[in-house]
Amino acid sequence: MNLGLTGKTAVVCGSTQGMGLAIAQQLATQGATVVLVARNTEKLAQVVQSLNTEQGQSHHTITADFADPAGLKTAIETHLSQHPQVNILVNNTGGPAPGLAKDADTAAYQAAFNQHLICNQVLAQAVVPSMQTAGYGRIINVISTSVKQPLPNLGVSNTVRGAVASWAKTLANELGQYNITVNNVLPGATETNRLSAIFDNKAKKTGMSVEQVIEHEKAIIPMRRFGTAEEFANVVGFLASPAGAYVNGVNIPVDGGRTACL
């Protein structure tokens, strides 16, 4: 089974912390040249120096804010003018704030739509021509298990994540003929800062302690524990590799079995 990515270039978004960072590290270890995308220039500089270079890679960074799709478009096009090859795109950015759908302002929906779907489209349109030329492409979207089963108190997130999943399936149907796959990987409860924020919010709303919330959440996961960012990155690494060539247009939960539906 060929899991090597030597000679391949991967653009990884939201890659200075959490799952994005773990994905960047995993792809670099597999031999890929990694282009880190995030809004914090200082953190980008720190992370790029830490990535594996055993296959002779020279990694790069792009500073961009996903709240600004036009700025992201300029940033990715500027990078591609100097480094045109991209074989792998990992779309990943922080999720919308918790809250009920009925209480969310329309501005919150618009902002989330721009940050997730529009920015994904900007990046895909920028890199797909390179993938077509190379005859090798992987677009991997980090979304949420909510695309299979909407999660309580994540109204805006559930809505926008579902739109991204539908976009990805449509794109998979269009691009498969070029040996470009498009898949969604759905994290469940994974040990990141985002998970901590969700638990803090739930504790405030329910009157439970954070420790009680954590124990309750672990109890409803068949494996009785939270996942790690590295475990999640392993799945992305497989999909990005030649070994994942015939997996296309699917939603893959990495949640320890928590999602109740098939």
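Biologist: Before we start, what should I know about the numbers?
Modeller: The model is predicted, so local features need pLDDT of at least 70 and side-chain atom pairs count only at pLDDT 80 or more, while totals for chains, interfaces and linings use all residues. Residues are numbered from 1 along each chain as its sequence is written, and side-chain values use heavy atoms, leaving out hydrogens and water.

Biologist: Okay, which residues of helix α2 are buried?
Modeller: In α2, residues 41-50, they are L44, V47 and V48. Buried means under 20% relative accessible area, exposed over 50%, and partly exposed in between, with a 1.4 Å probe and protein chains only. Helices (H or I, at least four residues) and strands (E, at least two) are DSSP runs, numbered from the N terminus.

Biologist: Why do the buried residues line one face of the helix?
Modeller: Seen down the axis of α2, they fall within an arc of 100 degrees, so they line one face. That arc covers the directions from the helix axis to the C-beta atoms.

Biologist: And what's on the face turned away?
Modeller: The exposed residues E42, Q46 and Q49.

Biologist: What do the buried ones pack against?
Modeller: They pack against α1 (18-29), β2 (33-38) and β3 (60-63), where contact means heavy atoms within 4.5 Å.

Biologist: New topic: how many disulfides are there?
Modeller: There are 0; a disulfide is a pair of cysteine sulfur atoms within 2.5 Å.

Biologist: Is C13 buried or exposed?
Modeller: C13 is buried, at 0% relative accessible area.
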